[in-house]
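Please keep the sequence and the structure open while going through it.

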Amino acid sequence: MADPHNPNPVAEEPSTAALVVPLIDPNHNIIRIKDEEVEEEELTDTELEENLQKLNNFLLLLGFHQCSLLGTIVSWVAFAIIGVSVPVLILLLPSCSGCEKYQINKFELDILASQSLLAAISLLCVSHNLRKHGIRKFLFVDRYHGHTGKFREEYVKMIQGFFSLLVLWIIPCFVLKTVREVIRVIYVDHESWWISVAILFALLSSWAYSTIISLSASVLLNLVCNLQVIHFTDYTKLLESDSDVTALIDEHVRLRHHLSKISHRFRIFLLLEFLVVTCSQVVTLFQTTGYHGIITLINGGDFAVSSIVQVVGIVICLHATAKISHRAQRVASVASRWHALVTSNSPDPSRMRGSNSVGNFEALANPIRSIPTVFSESDLESLDSIGPPNYTQLASHVSSYNKRQAFVMYLQSNPAGVTIYGWTVDRELINTVFLIEFSLILFVLGKTMIFT
């Protein structure tokens with residue numbers, strides 16, 4: 001029975017069923033949804049950590065991690081033995097009958113020199129950056145860690161794409177190298193068959209070791225640039241949805257700072273890579289066009305394999321750096337379009353009415369949308385209906401316009417991108433490199449095929 005002295009009968013102890021339905025179930029649903037989100041974030045974090053650890057172990061296996069004196073010594077000794085000493089000793093073996101006939105030793109020693117030099121440059125530059133920054137700071141993957149799940153998912157895809165791209169180019173080159181070495185073993189006799197098999201295995205192992213090191217550095221640069229593409233893609237979306245100019249400038253300064261770090265970390269690698277590949281290709285062209293004998297797969301097959309590997313490494317580097325440079329430069333055009341849309345969809349200051357104008361408020365609240373078609377009255381009726389302008393709203397409109405204009409001018413005056421000592425790696429630089437290489441090719445052909 002209800003207590004007559006109780007003024008609040010609702011405060012009576014309700015039944016158990018009433019407690020379960022309106023209060024506990026909704027709370028359980030909210031907790032369950034939150035638990036699923038936390039579990040999904042933890043799963044993504046775990047997957048990202050696993051992929052980073054896999055990449056870290058792969059680089060450690062190749063000798064890129066030189067964080068201690070012992071690790072540095074082991075890495076360079078392994079490179080000196082596997083990548084340099086073993087193929088040199090094999091090429092200088094006196095038991096090779098027919099090597100002088102086909103001039104194999106002279107050609108292959110030059111190819112080995114360029115191959116080892118590229119691998120040494122890759123090992124030196126990447127190991128220095130990893131020792132100084134660590135795998136996370138080197139890849140810039142800790143920027144949004146713990147805040148936005150979509151970035152972590154994109155990070156995982158890009159890291160997995162590192163191995164896919166590396167395998168995509170290593171396997172065809174390895175097949176070509178294997179075919180060439182098998183033909184070489186068949187036509188160039190040694191003392192016994194087991195020596196031939198041992199030489200084949202040693203040469204393939206040494207080539208694979210050096211090639212994976214040199215291509216891994218190029219693919220790693222591609223990975224770093226692709227991870228930054230994620231942030232620039234998100235930044236363009238931010239431009240289309242956010243009108244806070246100060247936040248946009250701060251974000252652009254942060255992204256530009258990251259590109260500056262990438263440029264400083266890889267500029268020596270890119271410059272030395274260009275120089276070594278260019279010199280190697282010029283020497284290769286001199287040797288093949290100036291050779292008076294017959295170039296066959298036995299003595300000239302390594303030229304083709306080496307050239308493919310070198311060109312692939314350069315193409316990967318140029319594609320990655322040019323991609324992020326163009327994406328960074330595209331921000332200025334996106335901002336200009338955003339500024340134009342906001343300005344064109346804003347109300348005309350000369351026609352601003354009082355604060356009771358619903359159309360003006362709607363235009364200011366939703367600046368980026370299609371311009372509505374307005375069928376106005378006659379000019380006299382329109383003039384009669386115009387009220388006094390709202391100067392506060394006019395000042396706010398002008399101030400917003402000036403901020404957007406300053407932001408667009410800032411982006412146009414500060415183009416971002418990966419640079420090599422001031423030269424931005426974009427289409428113009430690629431065209432310049434192509435013209436220089438083409439001029440060198442014509443020069444070499446003129447010296448070896450025309451004048452001789």
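1. Gln228 has a relative accessible area of 0%, so Gln228 is buried (under 20% relative accessible area; exposed is over 50% and partly exposed lies in between, with a 1.4 Å probe and protein chains only). Gln228 sits in helix H6, residues 193-241. Leaving aside residues up to four places away in sequence, Gln228 touches Phe140, Leu255, His258, Leu259, Ile262 and Ile324; a contact means heavy atoms within 4.5 Å.

2. The model is predicted, with local features needing pLDDT of at least 70 and side-chain atom pairs counting only at pLDDT 80 or more, while totals for chains, interfaces and linings use all residues. Residues are numbered from 1 along each chain as its sequence is written, and side-chain values use heavy atoms, with hydrogens and water left out.

3. The chain has twelve helices and two strands. These are DSSP runs numbered from the N terminus, helices (H or I) of at least four residues and strands (E) of at least two. From the N terminus on, the order is α-α-α-α-α-α-α-α-α-α-α-β-β-α. Of the 452 residues in the chain, 39% are buried. Among contacts between residues at least 6 apart in sequence, 86% join residues at least 24 apart.

4. How many cavities of 30 Å³ or more does a search of the whole structure find? The search finds three. A cavity is a set of points on a 1 Å grid over the protein atoms alone where a 1.4 Å probe fits but cannot get out, and lining residues have an atom within 4 Å of a point. Grid points are joined across faces, edges and corners, and a volume is the space filled by probe spheres set on the points.

5. The largest cavity has a volume of about 130 Å³. Its lining includes Pro87, Glu108, Lys177, Trp207 and Asp302. Two or more lining residues come from each of helix H2 (69-91), helix H4 (104-139), helix H5 (149-187) and H6. H4 gives the most, with four residues. By class the lining has six nonpolar, two polar and four charged residues; Ala, Val, Leu, Ile, Met, Phe, Trp, Tyr, Cys and Pro count as nonpolar, Asp, Glu, Lys and Arg as charged, and the others, Gly among them, as polar.

6. The second largest cavity holds about 100 Å³ of space. Among its lining residues are Leu118, Thr211, Ser214, Val305 and Gln310. H4, H6 and helix H8 (297-345) are the elements that give two or more residues to this lining. The largest share, five residues, comes from H8. The lining has five nonpolar, five polar and two charged residues.

7. The structure holds nine aromatic pairs. Rings of Phe, Tyr and Trp (its six-membered ring) pair if their centres lie within 6.5 Å; planes under 30 degrees apart count as stacked, over 60 as edge-to-face and the rest as tilted. The rings of Phe138 and Phe266 have centres 5.7 Å apart and planes at 40°, so this pair is tilted. Phe138 lies in helix H4 and Phe266 in helix H7 (residues 245-290), so the pair ties together parts 128 residues apart in sequence.

8. Phe266 counts as buried because its relative accessibility is 3%. The rings of Phe266 and Phe269 have centres 6.3 Å apart and planes at 75°, so this pair is edge-to-face. Both residues lie in helix H7, three residues apart, about one turn of the helix.

Notes: 1 Å grid on protein atoms, 1.4 Å probe; cavity = no way out; pocket = protein on both sides within 12 Å on 5 of 7 lines; lining within 4 Å.
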